[in-house]
Amino acid sequence: MRDLHKSSVLGSKHGSLMSWRPQYRSSKFRNVYGKAASREHCFDGIPITKNVHDNHFCAVNARFLAIVTESAGGGSFLVIPLEQTGRIEPNYPKVCGHQGNVLDIKWNPFIENIIASCSEDTSVRIWEIPEGGLKRNMTEAVLELYGHSRRVGLVEWHPTTNNILFSAGYDYKVLIWNLDIGEPVKMIDCHTDVILCMSFNTDGSLLATTCKDKKLRVVEPRSGRVLQEASCKNHRVNRVVFLGSTKRLLTTGVSRWNTRQIALWDQEDLSMPLIEEEIDGLSGLLFPFYDADTHMLYLAGKGDGNIRYYEIGSEKPYLSYLMEFRSPAPQKGLGVMPKHGLDVSACEVFRFYKLITLKGLIEPISMIVPRRSETYQEDIYPMTPGTEPALTPDEWLSGVNRDPILMSLKEGYKKTSKIFKAPVREKKSVVVNGIDLLENVPPRTENELLRMFFRQQDEIRRLKEELSQKDIRIRQLQLELKNLRNSPKNN
């Protein structure tokens, strides 16, 4: 009896220190486990790009998987219907209209056969994938968007507005494109180096960016105004993700001791991170993924085989480590399935598509909550952002913010057949913030380069002739002036 009393006193004594433990223990996600797909459910024989750019090179939605591939002359990517697993033939048709390497691809969240790509050729392109996938190579985009003067490294769709696309280039600019008119309508010009990452909050009223200038910024996207800025001396930021509508941000980066770390920030005060946590001493870039429905954070290192996952809380310690999915095969990048494409009957809460370059393999990895019951698990599937846009481009550009339109996953996903209408364009100049963006755009093809070269040669020849004519005229006038000075004055 005395021993029992002693243990209860000890328990209460340590209670304050371990107060977060019981809460963590009661989490319904503490037993989440990762399950890699069997070989026949993988996508095999894919020449994954060898480009070292720090992107995922993979985009996935409920219908298609898109992967950037290694290709000679220009850039290309594959688009494979999800049900077409197994070995992909070497001559499988590609999307191959870009003149330079493709650096990023993203599916339109509201029109499922529309994908945006950006490239070293300075262009952003919008592609319409036919029903059932490609039957032959696709070289014609529905829209070619020129406005950046250097290569374009990132594209990101607005989360609640239809046909608004953001692109970040190596000219340090972010352009906002209205695809209803096929033009850039805004330019964010606050960065002093290459933009590494862009992330939106839930309603798309704020944009967070990380930049090579070691700064984390929270920007009002329509005005381009920097609302908050952090100079990260001790935590060199690489990637940022908004944690849903919690008004928090999470960044991954490198400490001054060159260890990988994560930091949690209050979006309204970036003067100091709320917490910083060391992860390990490996060197690969850490990609963060956040699931707002389960409040789970996944961390996957480039070149690692494992994926760690955490639960994020609103109070200290904010971050509770759950577990890690382990695998010997290193990942180059990871695609993520949108919520409405998950298998709710298997209690799947997240799905990665892992790029394994050495094997030419794309391996789906399902994160599963173990449940005995066969019925729909309401508590792990709250209403989630669906496939309907909440705003038109004009509404958003005029200053309206609106939360995403939510859908239930209970009824299962239904394919929608929304159609993208490409605008007809004849304008030859693109002026944003008083700058004609097309003045600096390099030629797109060899023919165009030659045409531009000959045009410039003609222009140089004409200017040289004009200059020599002017030289002769100047000499004549100097002579006349001399004669006037030397002539005897008239009496």
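Reader: Is cysteine 96 buried, exposed or partly exposed?

Author: Cysteine 96 is partly exposed, at a relative accessible area of 26%. Buried here means under 20% relative accessible area, exposed over 50%, and partly exposed in between (1.4 Å probe, protein chains only). Keep in mind that this is a predicted model: local features need pLDDT of at least 70, side-chain atom pairs count only at pLDDT 80 or more, and totals for chains, interfaces and linings use all residues. Residues are numbered from 1 along each chain as its sequence is written, and side-chain values use heavy atoms, with hydrogens and water left out.

Reader: And what about cysteine 347, buried or exposed?

Author: Cysteine 347 counts as buried, with 4% relative accessibility.

Reader: How many disulfides, then?

Author: The count is zero disulfides, taking a disulfide as a pair of cysteine sulfur atoms within 2.5 Å.

Reader: Thanks! Switching topic: which residues have the most contacts inside the largest nonpolar core?

Author: Those are Ile46, Leu65, Phe77, Ile129, Tyr353 and Ile362, in a core of 34 residues. A nonpolar core is a set of buried Ala, Val, Leu, Ile, Met, Phe, Trp, Tyr and Cys residues joined through side-chain atoms within 4.5 Å. The strand β4 gives this core its largest share, five residues. Strands are DSSP runs of E, at least two residues, and helices are runs of H or I, at least four, numbered from the N terminus.

Reader: What does leucine 65 touch?

Author: Beyond its neighbours within four places in sequence, leucine 65 is in contact (heavy atoms within 4.5 Å) with residues including Phe43, Val60, Leu78, Tyr353 and Ile362.

Reader: Nice. How many salt bridges are there?

Author: There are 25 salt bridges, each a side-chain nitrogen of Lys or Arg within 4 Å of a carboxyl oxygen of Asp or Glu. One of them joins glutamate 131 to arginine 63, with the closest N and O atoms 2.8 Å apart. Glutamate 131 sits in the loop between β10 and β11 and arginine 63 in the loop between β3 and β4, so the pair ties together parts 68 residues apart in sequence.

Reader: Is arginine 63 buried or exposed?

Author: Arginine 63 is buried, at 9%, whereas glutamate 131 is exposed, at 59% relative accessibility.

Reader: Where do lysine 470 and glutamate 466 sit?

Author: Both are in helix α4, four residues apart, or about one helical turn. Lysine 470 and glutamate 466 form a salt bridge, with the closest N and O atoms 3.5 Å apart.
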